[in-house]
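Here are some notes for a first look at this entry. Please read them with the sequence and the model side by side.

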Amino acid sequence: MIELIDNVVVIDGDSIKTVEEARAKGMDVEAARKNTLAARILAEHNTAAREEATLRIRFDALASHDITYVGIIQTARASGLREFPMPYALTNCHNSLCAVGGTINEDDHVFGLSAARKYGGIFVPPHLAVIHQYVREMMAKCGGMILGSDSHTRYGALGVMAVGEGGPELVKQLLGKTWDVPRPQTVAIWLTGTPCPGVGPQDVALALIGAVFKNGFVKNKVLEFMGPGVGNLSVEYRCGVDVMTTETTCLSSIWTTDDKVRAYMQNHGRVEDYQELRLQGPACYDALIRIELDKIVPMIALPFHPSNAWPIAEVVRHGREILAQTQAEAERQFGTAARALDLPGKIRDGGVWADQGIIAGCAGGSFENLVTAAAILQGHSTGNGNFALSVYPASQPQGLALVKNGAATKLMLAGAIIKNAFCGPCFGAGDTPANGALSIRHATRNFPNREGSKPVNGQLSAVALMDARSIAATAANGGRLTPATEQDWTAPHMATIDVNYIFEPEIYRRRVFNGFGHAESQVDLVLGPNITDWPAMSALPEHLLLQLASVITDPVTTTDELIPSGETSSLRSNPLKLSEYALSRKDPAYVGRAKAIAALEKKRLADPADAELLTYVTPLFTACGQSVPDDLKNVGLGSTIFAIKPGDGSAREQAASCQKVLGGWANLAVEYATKRYRSNLINWGMLPFLVDAALADSLAVGDWLLVPDVREAVRSAKESIAAFVLHKGQAQRIDLMLKELTADERQIILEGCLINYYNTYNNS
């Protein structure tokens with residue numbers, strides 16, 4: 001089904017060769033590295049010298065939504081922004097319900113429109129489209145590159161290399177700077193065969209994620225999809241697989257393009273944006289993944305990660321054993337509160353039963369998925385019991401097409417509820433299940449509590465990811481878990497579904513504001529009462545004295561755990577208020593601890609020679625064998641956290657910025673789950689330290705970390721920094737690793753954050 005080949009290969013047409021075989025045929029393997037689609041596109045967007053190991057990329061377009069664009073624009077404005085230099089779409093698909101916090105959601109939307117007018121942006125009003133569907137329909141150009149502030153920024157199936165990063169990386173693009181990244185490795189994804197009816201893009205994606213996430217096979221690499229199987233997939237099917245590649249922790253993705261992509265572009269009135277992307281001679285890849293599409297079966301990702309992937313049929317057959325394993329993991333994470341979930345209790349009457357079904361967002365809400373779901377549900381009923389099904393078309397044009405072709409009628413007659421284009425079910429701002437409920441969703445993630453539950457309040461529910469086809473089959477059976485391949489239905493003709501969908505552009509023409517190239521500098525930004533500037537942040541001091549405010553020993557820590565989604569999304573434009581929720585679902589006492597240390601730093605800044613403060617820190621220096629300073633002018637006090645592998649999931653910068661607002665200066669980690677989280681730390685002036693895994697056993701909340709001469713170490717690009725951990729009164733010398741920082745990244749850390757860096761740059 002899926003084969004991982006961890007060796008360099010050379011692909012020439014339909015031939016896959018080892019390096020030795022390629023050289024025996026007279027091929028120049030090193031030259032072939034430049035022939036991959038990824039290498040060619042990156043080279044066209046790279047502003048650095050060809051021989052440099054670090055790429056400096058300028059993107060063609062940017063995209064953000066209403067959780068992220070306020071902070072991005074406020075940061076860029078504070079750093080000297082005058083006009084958007086490239087098309088920048090501001091979509092409104094996360095806080096679009098305007099249901100939390102009074103006026104603050106709509107205040108952000110009003111701000112967004114005023115910013116689009118002032119700086120020349122594209123403003124997509126609420127309910128028209130989710131961010132990635134709008135970009136697919138209106139902005140993707142074959143051979144281009146797009147940067148988005150949402151982690152699922154993936155348009156590879158349309159021939160676009162796209163990257164999801166934290167907001168500060170978009171700020172850099174707005175200010176004429178570059179996205180800097182070490183030259184990435186590229187992994188070829190070789191597709192063969194044709195999926196069976198009932199097997200959808202989410203099934204392919206979950207099988208892939210399950211094969212590569214835990215072993216890090218594609219981490220920070222580019223995935224390049226090719227092979228004879230590509231032509232057997234519709235464009236929307238390809239997009240459905242592609243958008244989920246984020247969950248593999250790859251850097252980006254790209255697919256070969258063909259006449260189906262050309263037809264897609266033509267249908268959207270942009271045939272001039274089509275370009276055939278094919279290998280032009282032998283191309284060398286760092287690894288290969290073979291996927292036999294005809295052998296993929298309907299899959300389910302059980303809580304609490306997309307990589308916890310199983311064949312649905314296997315879960316049905318061996319539910320007691322498999323669900324008991326998942327329940328045990330829930331109890332390990334949440335303690336006795338997890339008993340409310342009782343996953344083994346979902347087994348009854350000879351089946352496994354779900355309580356809710358959702359088909360939504362950039363992954364699930366496509367025209368093709370919903371037409372297929374309608375075909376499966378035709379003539380059936382979701383029932384009048386506990387199980388409920390909601391579907392969210394990814395855009396208004398797609399919703400209109402579903403009405404015109406009758407699919408909406410079939411869905412409604414079956415009992416499904418059709419809602420507007422909205423990302424809420426993906427991040428906990430809509431359709432939160434009942435306590436103890438299991439929701440099956442064609443969405444992007446099923447991290448703990450991402451669906452909106454709050455274990456600290458005694459609430460716990462869970463999400464399993466499935467494809468729209470099997471969700472529809474399950475709904476047709478009243479919530480009884482059913483693979484779509486075991487349901488009797490007539491499949492729409494997928495080979496022609498792309499051309500059967502007629503896109504209606506007037507929906508966007510009549511509501512979307514497109515001011516690119518026509519900035520109105522005289523327009524004032526409209527700032528609602530919740531929209532605040534970032535607090536002042538200090539430059540990195542000569543020495544740091546940090547207290548561990550949280551120690552997390554889970555194998556992986558998600559950004560949802562670092563800063564929860566859901567109702568907190570309404571506070572993304574208010575850094576101080578938002579920071580109150582940092583780690584609230586993982587370590588509720590963290591904020592109080594961090595604030596206590598921040599109070600010491602405030603006291604130090606007011607009077608570096610404060611006698612009481614000196615008395616407090618003197619024993620810490622002494623225990624570490626370090627000279628006690630006469631004052632604390634050059635000794636910064638702050639907090640830090642330790643986590644084994646932090647930063648999986650969302651690109652949200654607030655996972656780092658909230659720590660900084662609370663006085664954080666660093667993270668200690670064995671490794672960082674994603675490049676984007678590490679970049680967020682750096683852009684907010686936080687040190688992304690790496691430490692030995694064995695250190696986890698000798699760390700506890702309240703321990704102190706003394707890092708002498710840290711500023712000089714950063715300035716001189718040292719990769720190993722001597723430090724001391726004070727644990728239970730005993731000092732231990734350790735090495736903090738600080739690798740692969742570019743000159744600009746070092747300077748950002750020295751200045752204290754990206755805003756400070758640009759203010760220094762603009763004033764110099």
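**Notes on a predicted model**

1. Helix α23 (residues 590-606) and helix α24 (residues 611-623) have axes that come within 10 Å of each other and cross at roughly 130°. The crossing of the two helices is left-handed. As with the rest of these notes, this describes a predicted model.

2. Next, the strands. Strand β20 (residues 356-359) pairs with strand β21 (residues 388-391) in the parallel sense, and four bridges link the two. Within this pairing, Gly357 stands opposite Leu389 of β21.

3. Strand β21 also pairs with strand β22 (residues 417-418); these two run parallel and are joined by two bridges. Here Ser390 stands opposite Ile417, a residue of β22.

4. The structure holds eight cavities of 30 Å³ or more. The largest cavity has a volume of about 220 Å³.

5. Which residues lie nearest the centre of the largest cavity? They are His65, His94, Asp150, Phe427 and Arg450, out of 22 residues that line the cavity.

6. By class, the lining of the largest cavity is made up of 10 polar, seven nonpolar and five charged residues.

Terms used:
Residues numbered from 1 in each chain as written. Predicted model: local features only at pLDDT ≥ 70, side-chain atom pairs only at ≥ 80, totals over all residues. Heavy atoms only, no water. Pairing = 2+ DSSP bridges. 1 Å grid on protein atoms, 1.4 Å probe; cavity = no way out; pocket = protein on both sides within 12 Å on 5 of 7 lines; lining within 4 Å. Points joined across faces, edges and corners; volume = space filled by probe spheres on them. Nonpolar A, V, L, I, M, F, W, Y, C, P; charged D, E, K, R; others polar. Axes fitted to C-alpha atoms, helices over the stretch in contact; angles between N-to-C directions. Left-handed = near helix turned anticlockwise from the far one by under 90°.
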